[in-house]
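This report covers strand pairing, loops and surface of the chain displayed here. Please keep the structure at hand while reading.

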Amino acid sequence: MKAKRRIFAGLLAAVTAMGAFPATTFAAEPSTCEHNYVRAEQALKEGDCYTKGIWKWTCSECGDFYYVSEYVHDYEMGYTDATCTEPEMIGEVCTICGATNGEMTPVEGSEALGHNLVLDTTNEKYVAATCEEG
């Protein structure tokens, strides 16, 4: 039985060391700092539109820190094209992947395109038409 406990304790220690279970520490006294967190200029792991990067945020007052995993986009004011169900929109759009950031506003005078379903009744292997946008 002692051997099983040692094996379990060893496995638990290894898994914790790999970061699967965060190690928890308790401060002797709660912090009185009103934290002013600042993101590091350099990422610990570079990210892009498709892969999350890792950034360290550190309190400029007391040195407390935490890590954030996030995608990195290059947002600029731009437009998204009208679709079958949505009008053309304006707002922050990633210049690389087209992702939007925050609320998008409909462009004045723009309307959704509506569905354009074309039925092919002459084809024996006919499959009902669907709209890819809807």
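Strands E4 and E5 run antiparallel and are joined by six bridges. One of the contacts in this pairing links threonine 80 to methionine 89, its bridge partner in E5. The model is a predicted one.

Strand E5, residues 89–94, also pairs with E6, again in the antiparallel sense, over four bridges. Isoleucine 90 stands opposite threonine 105 in E6, and glutamate 92 has asparagine 101 of E6 as its bridge partner. The hairpin of E5 and E6 has five residues between the strands, and glycine 98 in this hairpin takes a positive phi near 85°.

Taken together, the three strands make an open sheet in the order E4-E5-E6 with antiparallel pairing. Its edge strands are E4 (75–80) and E6 (100–106), each of which pairs on one side only. Neighbouring strands of the sheet are turned against each other by 30° on average, with direction ignored.

## Sheet E1-E2-E3

Another open sheet of three strands has the order E1-E2-E3, and its pairing is antiparallel. Strand E1 (37–39) and strand E3 (65–70) are the edge strands, each pairing on one side only. From one strand to the next, the twist averages 30°.

Strand E2 covers residues 53–59 and pairs with E3 in the antiparallel sense over six bridges. Within E3, phenylalanine 65 is the bridge partner of threonine 58.

## The loop between E2 and E3

Which residue lies in the loop between E2 and E3? Glycine 63 does.

Phenylalanine 65 lies in strand E3. Is phenylalanine 65 buried, partly exposed or exposed? Its relative accessibility is 41%, so phenylalanine 65 counts as partly exposed.

Phenylalanine 65 also contributes to a nonpolar surface patch of about 390 Å², made together with Leu44, Ile54 and Tyr67. In this residue, then, a bridge partner of threonine 58 is also a member of the surface patch.

## The chain as a whole

How many helices and strands does the chain have? There is one helix, and there are six strands.

Of the 134 residues of the chain, 10% count as buried. The chain exposes about 11100 Å², and carbon and sulfur atoms supply 54% of this area. Among contacts between residues at least 6 apart in sequence, 29% join residues at least 24 apart.

Methods:
Residues are numbered from 1 along each chain as its sequence is written. This is a predicted model: local features need pLDDT of at least 70, side-chain atom pairs count only at pLDDT 80 or more; totals for chains, interfaces and linings use all residues. Side-chain values use heavy atoms; hydrogens and water are left out. Helices (H or I, at least four residues) and strands (E, at least two) are DSSP runs, numbered from the N terminus. Buried means under 20% relative accessible area, exposed over 50%, partly exposed in between (1.4 Å probe, protein chains only). Contact means heavy atoms within 4.5 Å. Accessible areas come from the Shrake-Rupley method with a 1.4 Å probe; for residues, only the protein chains shown count as cover. Two strands pair if DSSP finds at least two bridges between them. Axes are lines fitted to C-alpha atoms, for helices over the stretch in contact, and angles run from 0 to 180 degrees between N-to-C directions. Patches are made of residues with over 30% relative accessible area and no salt bridge: like charges are joined within 9 Å, nonpolar side chains (Val, Leu, Ile, Met, Phe, Trp, Tyr) within 5 Å. A salt bridge is a side-chain nitrogen of Lys or Arg within 4 Å of a carboxyl oxygen of Asp or Glu.
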